[in-house]
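Hello,

Here is the structure I promised to pass on. Please have a look at it first, and then read my notes below.

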Protein chains: 2
Amino acid sequence: MRNSYAVGVDVGGTKIAVGLVERKGRLLKQSTRNTPTSGPFAVVDAVIAVIDEVLVGIHPSEVAGIGIGLPAQVDFFRQTVEFCTNLPLAGVDVRSLVMSRVKYEVVLDNDGHAAAVGESRFGAAKGVRDFLMVTIGTGVGGGLFVGGEPYRGHRGLGGELGHTMVVVGGLPCPCGGVGHLEAYVSRFAIERDARETAATFRGATMTRFAGVEAGELTAEHVIAAANAGDEVAAGILMESANVLGASLAGMVNLLNPELIVIGGGLGDRTAIFAEVVAVAIEREAMAGRRDVRVARAEVGNDAGVLGAAALAFDEYDAREGLH
Amino acid sequence: MRNSYAVGVDVGGTKIAVGLVERKGRLLKQSTRNTPTSGPFAVVDAVIAVIDEVLVGIHPSEVAGIGIGLPAQVDFFRQTVEFCTNLPLAGVDVRSLVMSRVKYEVVLDNDGHAAAVGESRFGAAKGVRDFLMVTIGTGVGGGLFVGGEPYRGHRGLGGELGHTMVVVGGLPCPCGGVGHLEAYVSRFAIERDARETAATFRGATMTRFAGVEAGELTAEHVIAAANAGDEVAAGILMESANVLGASLAGMVNLLNPELIVIGGGLGDRTAIFAEVVAVAIEREAMAGRRDVRVARAEVGNDAGVLGAAALAFDEYDAREGLH
């Protein structure tokens, strides 16, 4: 059958995941590889290599297109990469580079937006018109759905939750700003706090638990230690989750969503974020808004791949006048 | 002619303003009175009295309806008052109470939303689809327009900018929360800071300038002193404006609006907020979003009245199937 499949690509700071996806969201084939850091062309080469892998044996007429979620500020309307903290992609015409090599239509979006599309179409936000998705990973991303559609804003850059203000004059953010959510709630933030704490007497239990030096502690170590009962590790996560909760309570006041979905590589790994956020909203959101549900991502790690594929199907349908 | 007029009512914490408004936004008659504080019925009585005043000599068939902006959390879909910091209106069925006495259809909205509708229809945001309006007055309010329409959210409570987070664990907010924008940028915040500072040696120039005791300093005194060159007063305004700027830069990252309109009783009185916000966005918003314009409200004090009237016209047209 024609256009039965789309390819979804989720480019992360550390890993590129690609899937061949059916219209109803079934993931038929998957492939991953590490994200190269040696330059934009290496990243594009790696993306094309994994796309080629999942397309082996598939006839071109069966493919609706390719959707790519990038850990970057993507101008959705112009399909350009405006800014990228973790990869050298700013100003690179990723769409044209990929299209010149794979011969399919390509649509780019921010990775958090793609994950929100994935949860909206196939996961925890199915059927929900107004929701926020927060992805906690290397950074903090996410997306905002309004009336059943991704919120795009004036230039297609809307929905960037990670760089909202939580502490004016606070800690430096990887984006170059100060006091943003990402400076308190990301892998970056948790590892900064864990390594600082572990360098003192109080945090020594974490390094003993993980069997590494203070400077090598990862967010995964902190979560594992917290799960094993380490109170210092649990405290670091709790502080981070409290900031997320306060911030989301404020966004609930601003946006009055029906649902908040918590996902991303770290958000998926522990229940603490969703639990603390639910309590914070109950305590801090204003009257009439507290019926907002807080859920963990259902599609989980695949949300980015599935959402990117769904965007490719949407673009195909729009081109063919099927909408 | 039928339905040529609507009545717009702007209920503030200190003043009720009412206007008889033509469809194109011309204000034909106006009346104001002080907001009673003795209870909900006194407020409703005062609202009805001023409505009656502007309707003297107008035939009922000429009136499309009445729009009322309240300094309250209004569930727009159910037309109920969920929460009200400054007036005793929470849970009061304001719409039914007014309708039982004036015999016209009544539509309620949050006052900041009404002001945003006013600027959208007749003022600084005319023709702009995606914008934020911030009203700085007794509190901080505002509204969010998406795709040319007021953003309502899941239960009609969306667009409340004043209670987003700016400093986790920060200063107490009049709403009972902590660290919200309103705790740093409202009349409440500026008077708190001015009175605290004026009680010390450093702030004595403000009280001398205003000719009042430290405890009697108002936000208007602070603005007048700053305009006259008092550096302490200017510093208080600047700190407040800096928090507003940082917060709005974060909202620009989240919402990617085309325009930010600064208005409200205090926002209208000084250029400092709009100036500092423009600089903060230039410095702190992420790439691709800095083309957002920052403008001062044009309709100014009348935005609430005109916006409320516009909402009444809209409701009339929707009832009559004119949309």
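**What I found**

In chain A, strands E2(A) and E3(A) make a hairpin with four residues between them, and Gly25(A) in the turn has a positive phi of about 95°. Helices (H or I, at least four residues) and strands (E, at least two) are DSSP runs, numbered from the N terminus. E2 (residues 15-22) and E3 (residues 27-34) of chain A pair in the antiparallel sense over seven bridges; strands pair if DSSP finds at least two bridges between them. Gly19(A) has Gln30(A) in E3(A) as its bridge partner.

Before going on, please note that this is a predicted model, where local features need pLDDT of at least 70 and side-chain atom pairs count only at pLDDT 80 or more, while totals for chains, interfaces and linings use all residues. Residues are numbered from 1 along each chain as its sequence is written, chains are lettered from A and ligands numbered from 1 in the order in which they are written, and side-chain values use heavy atoms, leaving out hydrogens and water.

Now to the helix H8(A). Of its 25 residues, 19 are buried (under 20% relative accessible area, 1.4 Å probe, protein chains only). Asn256(A), with a positive phi near 45°, follows H8(A).

Best wishes

Key
Buried means under 20% relative accessible area, exposed over 50%, partly exposed in between (1.4 Å probe, protein chains only).
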